[in-house]
Amino acid sequence: MDLQLTDKVALVTGGSKGIGLGIVRELIANGAKVANVNRSTEEGKQLEREYDAEGKECFFIQGDLTDLDACQNAIEQTIARFGKIDILINNAGVNDGASLEDGPEAFQLSLQRNLIHYYALVHYALEELKKSQGTIINIGSKVCITGQGGTSGYAASKGAINGLTREWAVDLAPHNIRVNTVLPAETWTPLYEKCLAEMPDPAQAKAEIEQLIPLGQRFTTIEEIAAMTVFLASPRSSHTTGQIIFVDGGYSHLDRKCTFPSEVKDFGSAGT
Ligand code: NAP
């Protein structure tokens with residue numbers, strides 16, 4: 001399927017690593033030009049050089065998105081470089097464990113890391129998105145519907161992102177701007193690998209998590225999140241808006257019985 005993305009301009013936050021990197025690669029493979037905003041410089045510059053050598057564009061913008069000026073600057077630099085924005089992908093975020101015990105300041109900081117910049121970038125990009133009849137994709141998390149414990153700030157941010165997806169879809173429908181959210185659950189990224197590496201037995205921890213994922217007992221790949229995200233960002237999903245789409249191998253919704261050991265799974269199969 002031709003996704004009709006040739007020469008579309010996409011701004012991706014956190015595109016140097018993990019899920020964001022998967023999205024950047026899929027966008028460019030489909031002919032789009034990318035502006036990629038990250039805090040750290042090295043990977044972003046390296047990515048820019050890699051694509052430059054192939055005659056493709058992955059323009060790196062340095063900035064910490066907890067700073068509103070950096071959000072505004074990201075939009076301005078994208079316009080200065082490419083002259084338009086067709087696609088805004090809000091992806092950067094971190095499950096920072098700002099808990100009930102940590103208090104209001106930690107909670108507020110978590111909202112800055114995970115929520116405020118999603119709003120700020122849409123706000124600063126609004127006039128450009130209206131001109132291009134663009135599209136917005138937010139990357140959420142299953143935590144907002146399942147809870148996780150010990151992470152109030154992240155859960156609140158991701159819950160708000162679901163709310164804003166519907167709110168913005170209504171707000172922006174008159175401008176033919178579509179707004180959708182993709183929700184990962186357990187996606188294998190360098191960050192995830194690093195977290196598991198801190199556990200006493202990382203391989204065992206990984207195997208235990210995999211066991212809980214109904215489809216294939218494996219983590220979702222960044223390519224699988226990217227494929228859905230880029231399809232939603234493309235004109236081929238031209239009548240899809242306000243949707244919250246789980247790409248998670250059934251982790252968030254399917255009957256937990258399907259991940260039980262087989263002897264338990266077979267028990268009472270005619271039950272509720
Ligand atoms: P990751 O591997 O840590 O990558 C995140 C990227 O975002 C990094 O390049 C990071 O840049 C950048 N970033 C983070 N905060 C930033 C900030 N304040 N300003 C600028 N750049 C920032 O994370 P990931 O696992 O791919 O997660 C991406 C998104 O998916 C997040 O919204 C996360 O909540 C969501 N998600 C992930 C999973 C999962 O299983 N991986 C599950 C559910 C939801 P630097 O580190 O270079 O600064």
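Select the shell around the ligand, meaning every residue with a heavy atom within 4 Å of the molecule, and colour it by class: 10 residues are nonpolar, 12 polar and 5 charged, where Ala, Val, Leu, Ile, Met, Phe, Trp, Tyr, Cys and Pro count as nonpolar, Asp, Glu, Lys and Arg as charged, and the others, Gly among them, as polar. This is a predicted model, in which local features need pLDDT of at least 70 and side-chain atom pairs count only at pLDDT 80 or more, while totals for chains, interfaces and linings use all residues. Residues are numbered from 1 along each chain as its sequence is written, and side-chain values use heavy atoms, with hydrogens and water left out.

Within this shell of 27 residues, pick out N38, R39, S40, N91 and Y154, which come nearest to the ligand. Then show helix 1 (18-29), helix 6 (152-172) and helix 7 (190-197), each of which supplies at least two shell residues; helices here are DSSP runs of H or I with at least four residues, strands are runs of E with at least two, and both are numbered from the N terminus.

Next, display the polar contacts (pairs of N or O atoms within 3.5 Å). A polar backbone atom of N91 lies 2.6 Å from a ligand oxygen, a side-chain N or O atom of K158 is 2.9 Å from an oxygen of the ligand, and for A185 a backbone N or O atom is 3.3 Å from a ligand oxygen.

Finally, move to D7 and K33, which form a salt bridge (a side-chain nitrogen of Lys or Arg within 4 Å of a carboxyl oxygen of Asp or Glu), with their closest N and O atoms 3.8 Å apart. This pair, 26 residues apart, links the segment before strand 1 (9-13), where D7 lies, to strand 2 (residues 33-38), which holds K33.

How values were computed: A polar contact is a pair of N or O atoms within 3.5 Å; within protein, one must be able to donate a hydrogen and the other to accept it, and residues adjacent in sequence count only if both atoms are side-chain atoms.
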